[in-house]
Amino acid sequence: MKRIRWSRVVIVGVLTLGALGMILPYYWMVLSSIKPPEELYTYPPRFVVFHPTLKAYIELFTLLPMARALLNSVFVASAVTVSNLLFCSLAGYAFAKLRFPGRDGIFLVLLFSLMIPWQVNLIPGFVIIKQLGWLNSFWALIIPKLALPFGIFLCRQYIMSIPDALIEAARIDGCTELGIYRRVILPLIVPALATLAIFTFLAQWNDFVWPLIVIQSRDMRTVPLIIQVLNGQFGANFAMIMAGALVVTLPMLLIFLVFQRQFIRGVFLTTVRE
Amino acid sequence: MNGKLKLPSKADAGRGGGTWQPVAYLFIAPAVILFAIFVVVPIFASLYLSFTKYDVLHPPRWVGLSNFITLLTNDPRFWKAFRNTVSYVLGVVPIGVSIALVLAAALEELTRGKQIFKVLYFIPTVTSVVAISVVWKWLFAGEKYGLINYFLIQLGLQPIDWLLSPQWILPAIMIVSIWAGLGYNMVFFSAGISTIPSTLYEAAKVDGAGWWERFWHVTVPMLRPTLIFVVVMSVINSFQVFDQAYILTGGTGEGVGGVLDSGLTLVSYLYEQGFQHFRMGYASAIAYLMFGCVFGLTLVNLRMLRSR
C-alpha cells in the first residue's frame, strides 16, 4: 500500500516538473515582452515584472509591418483552408465512391507523393513561381497549396466508411453526383472536415520555408517571416522579439485550447503527411 | 495508422454493371491539375536540375554527374552538414522518444487529470517552430542574462555560450527539438498504452513487479509496433530539420551554419546553396541525395510495420 502511494507521488511529481518545463518558455516569452529594459537585462533574472510596459508591442507594430503580416497570414491561411475543404472533399468523394478508369492508379501516385521529402520540391517550386511572375505575391503563397494530397487522403478515408446504400438510395431518388456530394456526403463528413480545417490552417499559419523563399518584399511577409527579420536585424532587442513570438503563437494557442480534443485526436490522421 | 491504407476491392469497383461516372474527372480535376504542376513536375524537374549548373538567370547547363561527384568527393561542407545532421538525429531520436515513452507511461497511470497534462505537453506542437526557436534563443542567451545559464550557475556549473561556441550549438538545437516534439510523440504512446490489456499489469503486480519493472517488461514489449513507428517517423522528420537550426544560428553574422558551420544541417546547406548562392543545380543534387536517404528509411519503415 505504502509503495503504491510513493510511486504515485513520484509519477505526479515527474509529470508536473515536465509540464513546468513545457510552460516555462512561454511564461518567459510573455514576461520578457512586457519588461522594461532595466528589468529585462538583470542578474539574477526576475520571475515577475514590476513596471510592465507595452513599448515592445508598439515598436513591433510601428517599426515593422506587423499588422500587415497578420493580415497576410490570416488571408493566406483562410484561403488555403477553404479551398482545401472544397477540393479535397470533392476529390476524396470521387476516389472513395465513384467508378472511373485510372482511379486507383492516380490515387496511388497521390499516396506515394506523401513519402517524398518536401525539400525535393523546393527548388523547382521556386523556379515555377518565378516563371509565372508570382514571386512576392499572394498567388505564390496560395495557389500551390489549394488542394494538398494529405487532405484528399484524409477525406477519402473518411468517405469510404459511409455505407454505399445511402449513396445508392440518393441515386435512385434521382440525385445527381454533385447533389449526392452536397446533400449526403458533406453533412456526414463534418468531423473530418473540422480536423482538416484545423490542421490546414495551423500548417499554413506556421509555414516558414515556403514563404521564406518566395517572399522578399516587406509588405508581403507572413508572420513567421517577421520573426525571422526580428531575429536577424533586431537581435539585441529581446523584448521586441518576444512580443513578436507572442503575436505568432497566441492565435494558434487559443484555437488549440478551444479544440484541444480534435487536435490531439487529429494527430493520428495527420501522420501520413510527412 | 497503418492498415487503413486499403484500396477499394475489385468487386467494389466492378459493381453496378461496370458503369462509370465521367463526372468524377471533374471532381478530381482541380486537385489533380494542381498536384501535377506543383508536385509531379517538380519531382522530375529537380532530378533534371541535379545534373545541371543553374543560377536562375541563365538556362540550365548539363553537367552530367559532376554535382553528385563534387558533393560526395570534394565538398567538406556537405560532409560537415551530413555529420551534423546524423549526430542531430542520433541525439534527438533516442532521447526524445525515451522521455516521451516514460512520460506517457507515467501519464497512463493517472486516473484523473490526464487531459490537462496532455494539453500542456502538446502546446509546442501547435506553436510556430520559428517563434519557439527565438524564445529558446533568449533562454540560451550567453553570459548571464539567459535563464538556462542562470540555472546552470545556480547548480554550481559554468555558464555556457550555447549559440556562439562550436561544440554547443548543435546540442542547443537538439534541446529545442526534443522539447518541441515531446507532446506529439506522447500522444502515440498514450494511445498505444491504453490498448494494452490491464490483465497483463495485474498479473505483473501479483508477481510483485514494481512500476519500473512493469514498464520495462510489459509496456515496452507490448508497445513495440508503436515504438517502431514513432522512431522511424522521428528519424525521417529529424533528418529534414531546418527551422530550428536556421533561427538558432541566425543573426550571428556567421551564415546559415553558425560558428565554423557547427550548426549546419543538410537542409540549411541546401537552402544556402540554392537560395543564397543560387546554385540551384547543386542544391537539387543535395535534395536528391536526401530523397534517397529518406526513401531508404521509408522502406525500412514499411518493412518493419509489415513484419509486425
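## Helices α9 and α10 of chain B

In this predicted model, α9(B) and α10(B) are oblique to each other, because an angle over 145 degrees would be needed to count as roughly antiparallel and these two helices, spanning residues 198-206 and residues 211-222 of chain B, pack at about 140 degrees. Their axes lie 10 Å apart, and the crossing of α9(B) and α10(B) is right-handed.

On the α9(B) side the contact is formed by B:Leu200, B:Tyr201 and B:Ala204, and on the α10(B) side by B:Arg214, B:His217 and B:Val218. By residue class, this contact of α9(B) with α10(B) comprises four nonpolar residues, one polar and one charged.

## Helices α8 and α11 of chain B

A second pair in chain B joins helix α8, residues 169-194, with helix α11, residues 224-239; their axes come within 10 Å and cross at roughly 155 degrees. The helices α8(B) and α11(B) are therefore roughly antiparallel to each other, the cut-off for that description being an angle over 145 degrees. Here too the handedness can be stated: α8(B) passes α11(B) in a right-handed crossing.

From α8(B), the residues making the contact are B:Ser177, B:Gly181, B:Asn185, B:Phe188, B:Phe189 and B:Gly192, while α11(B) contributes B:Thr226, B:Val230, B:Ser234 and B:Ser238. The residues of this contact of α8(B) with α11(B) divide into three nonpolar and seven polar, with no charged residue.

## Chain A and its overall form

Chain A has 15 helices and zero strands. Its radius of gyration is 24 Å, well over the 19 Å that the globule rule gives for 274 residues, so chain A is more spread out than a compact globule. The C-alpha trace of chain A spans about 75 × 70 × 35 Å along its principal axes.

## The interface between the chains

Between the two chains, 77 residues of chain A are in contact with 80 residues of chain B. On the side of chain A that touches chain B, the most is given by helix α1, residues 2-33 of chain A, with 12 residues. That side of chain A consists of 56 nonpolar, 16 polar and five charged residues.

## Confidence of the prediction

The model scores ipTM 0.91 and pTM 0.90. For chain B the mean pLDDT is 87, and 91% of its residues reach 70 or more.

Two stretches of chain B call for caution. Over residues 1-6 of chain B the pLDDT is below 50, and this stretch has five contacts in the model beyond near neighbours in sequence. Residues 8-17 of chain B likewise have pLDDT below 50, with three contacts in the model beyond near neighbours in sequence.

Terms used
Residues are numbered from 1 along each chain as its sequence is written. Chains are lettered from A and ligands numbered from 1 in the order in which they are written. This is a predicted model: local features need pLDDT of at least 70, side-chain atom pairs count only at pLDDT 80 or more; totals for chains, interfaces and linings use all residues. Axes are lines fitted to C-alpha atoms, for helices over the stretch in contact, and angles run from 0 to 180 degrees between N-to-C directions. Helices (H or I, at least four residues) and strands (E, at least two) are DSSP runs, numbered from the N terminus. Angles under 35 degrees count as roughly parallel, over 145 as roughly antiparallel, 65 to 115 as roughly perpendicular and the rest as oblique. A crossing is left-handed if the near helix is turned anticlockwise from the far one by less than a right angle, and right-handed if clockwise. Two residues are in contact if their C-beta atoms, placed from the backbone, lie within 7 Å. Ala, Val, Leu, Ile, Met, Phe, Trp, Tyr, Cys and Pro count as nonpolar, Asp, Glu, Lys and Arg as charged, and the others, Gly among them, as polar. pLDDT is the predictor's confidence in each residue, from 0 to 100. The radius of gyration is taken over C-alpha atoms; the globule rule is 2.2 Å times the number of residues to the power 0.38.
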